[in-house]
Amino acid sequence: MTKNSFSYLFFNVSAFYFFFFSIIGVYVIYMPKVLELKGYSSFEIGVVFAMSPLMRFITPFFFLKHLFLTKKLFFYSLVLSLISGILFYLTINNFYLFLIPNILLGISFALILPYAETIALQKIGKENYGKSRLFGSIGFIIIALVLAKFMDNHSYSLHFLFITILFTTFFGYKIAEYEEDMKESSNKNNTFSLVLHWRFWISAFLMQVSFGPFYNFFTIYETSHGLSYETVSYLWTFGVLCEIFMLYFQTPLMRKNLLFLIKISIFSAVVRWFLLFLYPDSIFIAYFTQSLHAFSFALYYSAAIAYLFQIYENKKLAQQFFGGISFGLGGFIGSILAGIFYGKYIFLYASFIALLSLLVILKTKNNNL
């Protein structure tokens, strides 16, 4: 690949990440509030935002034997995301119909991101991957700051959502041009076992469940305690900046005991959610808890991925199950429970779930789950 060709691909991959995570920004930060303004109950909001992680958990199982994530299927998933973006407009006023585009979006995301990331790692290399992925966090920050100024008319959230889906589709198509159809083996590794390392998997599941109140109700929770949309957007932005800081400077930490880093990160989540419960109207505490995103999300994710890489021979399958069990099943259950328990004690509940996650893995010794 020539220098110009590499630069062009790097631009397209970076733009893809920018717009893909801008979608996540609109979806996570503002759509829950839009649904509340539309008259959705907290339970209905929880159900709606449980659909995407549920699809993330279910979809990979279809690729164990008979289905393969080819370029053609990737293109179909891009089209599916566009269809879901259109359906958001048409179904938002009906709870049951609105589940459909959320399900479709979850399926498309379960296919789009893994394919795009494979191309990124294959073509621009792991040395440049982080520099490209960084634009995703930048996109998330920008959408958090910009959309806050348009929330007086909540229909703008749907416009931003569709536009970011449209550009993600465009740049996804562009980067797929650089990749031949990816042939993947249909053989399953019979030695792969979830039971052997059950403490890690249960802990990872519970850790993500504890994030349900944060992802789905943080904006609603803080604005209900007197903070403005603009202030909440700054809080989201600050959390992502702390995430970027950790990802950039975490290399020395990753040479340490990974299991210890996982435990420290989970403990930071226990503290983070408990402080939000104790001081819901404190801007200072809110910023401090967002700073803990560097540990409870960024460091935890990196350490967990690296730890799985150490303990499993079938490393790819281990990473797939990590996404499915934690962000998929954990995100689904977390969303449902957050919708059920939303109220004054929502982050006390989240802190308790994170504590359970810590207790499950606490007695685990390094390389011995």
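**Stop 1: L35 and its surroundings**

Select L35 together with Y40, I45, V48, F49, I92 and F98: these are the residues in contact with L35 once its neighbours within four places in sequence are set aside. Contact here means heavy atoms within 4.5 Å. L35 itself belongs to helix 1, which covers residues 3-37. Helices are DSSP runs of H or I with at least four residues, strands are runs of E with at least two, and both are numbered from the N terminus. Because its relative accessibility is 0%, L35 counts as buried. Buried denotes under 20% relative accessible area, exposed over 50%, and partly exposed the range in between, with a 1.4 Å probe and protein chains only.

**The model as a whole**

This is a predicted model, in which local features need pLDDT of at least 70 and side-chain atom pairs count only at pLDDT 80 or more, while totals for chains, interfaces and linings use all residues. Residues are numbered from 1 along each chain as its sequence is written, and side-chain values use heavy atoms, with hydrogens and water left out.

Colour the chain by pLDDT, the predictor's confidence in each residue on a scale from 0 to 100. The mean for the protein is 85, and 90% of its residues reach 70 or more. Then select residues 181-190, where pLDDT stays under 50; for this segment the model has 17 contacts beyond four places in sequence.

A cartoon view shows 15 helices and zero strands. Of the 369 residues in the protein, 54% are buried. Among contacts with a separation of 6 or more, 85% join residues 24 or more positions apart.

**Stop 2: helix 11 against helix 15**

Select residues 258-278 (helix 11) and residues 346-362 (helix 15), which pack at an angle of about 160° with their axes 7 Å apart. Axes are lines fitted to C-alpha atoms, for helices over the stretch in contact, and angles run from 0 to 180 degrees between N-to-C directions. How are the two helices oriented to each other? Helix 11 and helix 15 are roughly antiparallel, since angles over 145 degrees carry that label, whereas those under 35 count as roughly parallel, 65 to 115 as roughly perpendicular and the rest as oblique.

**Stop 3: helix 10 against helix 13**

Move to residues 229-249 (helix 10) and residues 293-311 (helix 13), whose axes are 8 Å apart at an angle of about 40°. Helix 10 and helix 13 are therefore oblique to each other. On helix 10, show G239, C242, E243, M246 and L247; their partners on helix 13 are H293, A294, F295, F297, A298, L299 and S302. This contact comprises eight nonpolar residues, three polar and one charged.

**Stop 4**

- Select F11, in helix 1. With 48% relative accessibility, F11 counts as partly exposed; its C-alpha is 8.1 Å from that of S132, which is 121 residues away in sequence.
- Select I138, in helix 6 (residues 126-147). I138 is partly exposed at 31% relative accessible area, and its C-alpha is 8.4 Å from that of V240, 102 residues away along the chain.
- Select I202, in helix 8 (residues 198-209). I202 is partly exposed at 36% relative accessibility, and 8.8 Å separates its C-alpha from that of S326, 124 residues away along the chain.

Definitions and conventions
Ala, Val, Leu, Ile, Met, Phe, Trp, Tyr, Cys and Pro count as nonpolar, Asp, Glu, Lys and Arg as charged, and the others, Gly among them, as polar.
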